[in-house]
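Hello,

Here is the structure I promised to pass on. Please look it over, then read my notes below.

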Amino acid sequence: MPSCSPGPHEGQGPRNQTELRTCSSFSRAEAGSTRTWDRACNSRGVLQMGIHPRAKLSRRLGQKKQRLLEAEQHQSPPDGAWTPSPREPSLGLPATPGPQRSIYFSSPQGHPARLGSEFFDQPAVSLARAFLGQVLVRQLDNGTELRGRIVETEAYLGPEDEAAHSRGGRQTPRNRSMFMEPGTLYVYLIYGMYFCMNVSSRGEGACVLLRALEPLGGLETMRQLRSTLRKGAAGRALRDRELCSGPSKLCQALAIDKSFDQRDLAKDKAVWLERGPPGPTEPAVVAAARVGIGHAGEWAHKPLRFYIQGSPWVSVVDRAAERDVQA
């Protein structure tokens, strides 16, 4: 029987009528069906070249696998660290999910967004100054984040300070937080209706009062919280500069109450401190007398209140102290 050999160029059809009939008979016998002549001859041509369809498929899969292995070797350096291919655009995304940084924090040195325990471990006066410009963050139960830049603080130096709750070294259940690790929140009630938030510092019984914030995020939520909790003038909408311009206003705007007492500002999930973005110039800091401590004798006049000069968010401006800064 004449063989169904390919023509001068592989893949050509039968060259004469005899070969045509032979190819047709061969294809029907192999396929066991009435496939068309051209499909049969195509199968015959593949078989005649010694390449079975299954073998051809296996070879293609092998080639594909080899290409994938080569691609993995190209993208994976010896130490296992992922690096983008020269042709592949780098999106700058983290290799693994992690805590997202605040949009109000940026540091070329790569410091973490959240300030840790070491930040709070300094004397009260130093800490009160260091707080200025940092961002206080409060996350509500529904995930809403309220943010404000600290613009005013007061330092309380401990047992020697006649204006401090720890004066004379006295410890009570109310002021226990003042004697705890630096960074511990000390939240207390005044006038039976308002809260104030302090942060313990280095030194027994010493702390820093947070007096005022510049609102940065969640202002409408702050406004709602203030309107709900404030006494009187309920019908008037609060201006932005009124939201956090005072220690009790700050607590109302951030929904801070007694339940936050003794929490660790370096570790708590609902409130924390982030490093503030650097400004074009170093802001001038005013050192003035503290507010509302007339009973404290000479300590009432010591310049232990600190605020950013020119900030419209400060609770009380001391013009005399500002002239001293300019001089």
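**Around D257**

D257 sits in the loop that links α7 (247–253) to β6 (271–274). Helices (H or I, at least four residues) and strands (E, at least two) are DSSP runs, numbered from the N terminus. This is a predicted model: local features need pLDDT of at least 70, side-chain atom pairs count only at pLDDT 80 or more, and totals for chains, interfaces and linings use all residues. Residues are numbered from 1 along each chain as its sequence is written, and side-chain values use heavy atoms, leaving out hydrogens and water.

Buried means under 20% relative accessible area, exposed over 50%, and partly exposed in between (1.4 Å probe, protein chains only).

Setting aside neighbours within four places in sequence, D257 is in contact (heavy atoms within 4.5 Å) with V187 and F195. M197 lies 60 residues from D257 along the chain, yet their C-alpha atoms are separated by 8.6 Å.

**Strand β1**

Strand β1 covers residues 135–139. Four of its five residues are buried, so the rest of the structure largely encloses β1. Two strands pair if DSSP finds at least two bridges between them. β1 runs antiparallel to β2 (residues 145–156), with five bridges. Here Q139 stands opposite E145. β1 also runs antiparallel to β6, joined by four bridges. There, R138 has V271 as its bridge partner.

**Whole chain**

The chain has eight helices and eight strands. Of its 327 residues, 39% count as buried.

Best wishes
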